[in-house]
Each structure stands twice: as C-alpha cells, then as structure tokens.
Amino acid sequence: MSDDMLDYEQARAELVSVVEKLEVGGASLEESLALWERGERLADLCQSKLDGARERLAKAQDIEA
C-alpha cells in the first residue's frame with residue numbers, strides 16, 4: 001500500500017512499529033537507516049493528516065459562527 005493510501009491510524013501504527021524496532025536494536029546500520037527514513041516519512045504523513053484535520057475543523061467552526 002502506498003503512503004497516499006494510508007489513513008492517520010494506519011500511518012501512526014506503522015510509525016509505532018518502526019520506533020519499536022529501532023528501540024530494540026539488533027538491526028544492521030543499513031536497516032536502521034532505512035527504518036529511520038521510513039519513520040521520518042510516516043511522521044511527516046501523520047503531521048500532514050493532523051494539519052488537514054485541524055484546517056477542516058477550523059473551517060467548520062467558521063461556518064457555524
């Protein structure tokens with residue numbers, strides 16, 4: 001599944017998994033770097049989805065006011 005297809009909950013769950021793998025250790029340097037980069041992409045995706053939700057909420061509140 002491409003990142004564009006992930007919803008917030010899926011991206012966050014995968015990010016938690018990546019962090020857990022990094023915390024456990026035991027991965028090679030290359031694997032750790034790949035996990036770190038994946039985590040960065042997932043964190044950016046989560047932030048983007050949160051920002052979008054905040055924007056939608058702000059617009060909805062403006063409409064109601």
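Let me begin with a term: a residue is called buried when its relative accessible area is under 20%, exposed when that area is over 50%, and partly exposed in between, using a 1.4 Å probe and protein chains only. The model before you is predicted, so local features need pLDDT of at least 70 and side-chain atom pairs count only at pLDDT 80 or more, while totals for chains, interfaces and linings use all residues. Residues are numbered from 1 along each chain as its sequence is written, and side-chain values use heavy atoms, with hydrogens and water left out.

At the start of α1, a side-chain oxygen of Asp7 comes to within 3.2 Å of the backbone nitrogen of Glu9, and just after the helix Gly25 has a positive phi of about 80°.

Which residues of α1 are buried? They are Ala11, Leu15 and Val18, and, seen down the axis of α1, these buried residues fall within an arc of 60°, so they line one face of the helix; the arc is taken from the directions from the helix axis to the C-beta atoms. What covers the buried residues of α1 includes α2, residues 29-64, where contact means heavy atoms within 4.5 Å. On the other side of α1, Glu9, Glu23 and Val24 are exposed, and Glu9 has a relative accessible area of 54%.

Let me turn to salt bridges, each being a side-chain nitrogen of Lys or Arg within 4 Å of a carboxyl oxygen of Asp or Glu. A search of the whole structure finds four of them. In one of these, Arg38 pairs with Asp3, with the closest N and O atoms 2.7 Å apart; Arg38 lies in helix α2 and Asp3 in the segment before α1, so the pair ties together parts that are 35 residues apart in sequence. Arg38 is buried, at 16% relative accessible area, whereas Asp3 is partly exposed, at 25%.

Arg38 also forms a salt bridge with Glu14, at 2.8 Å from N to O, and because Glu14 lies in helix α1 and Arg38 in helix α2, this pair ties together parts 24 residues apart in sequence. Glu14 is partly exposed, with a relative accessible area of 28%.

Methods:
Helix = DSSP H or I, 4+ residues; strand = E, 2+ residues; numbered from the N terminus. Polar contact = N/O pair within 3.5 Å; in protein donor to acceptor, adjacent residues only side chain to side chain.
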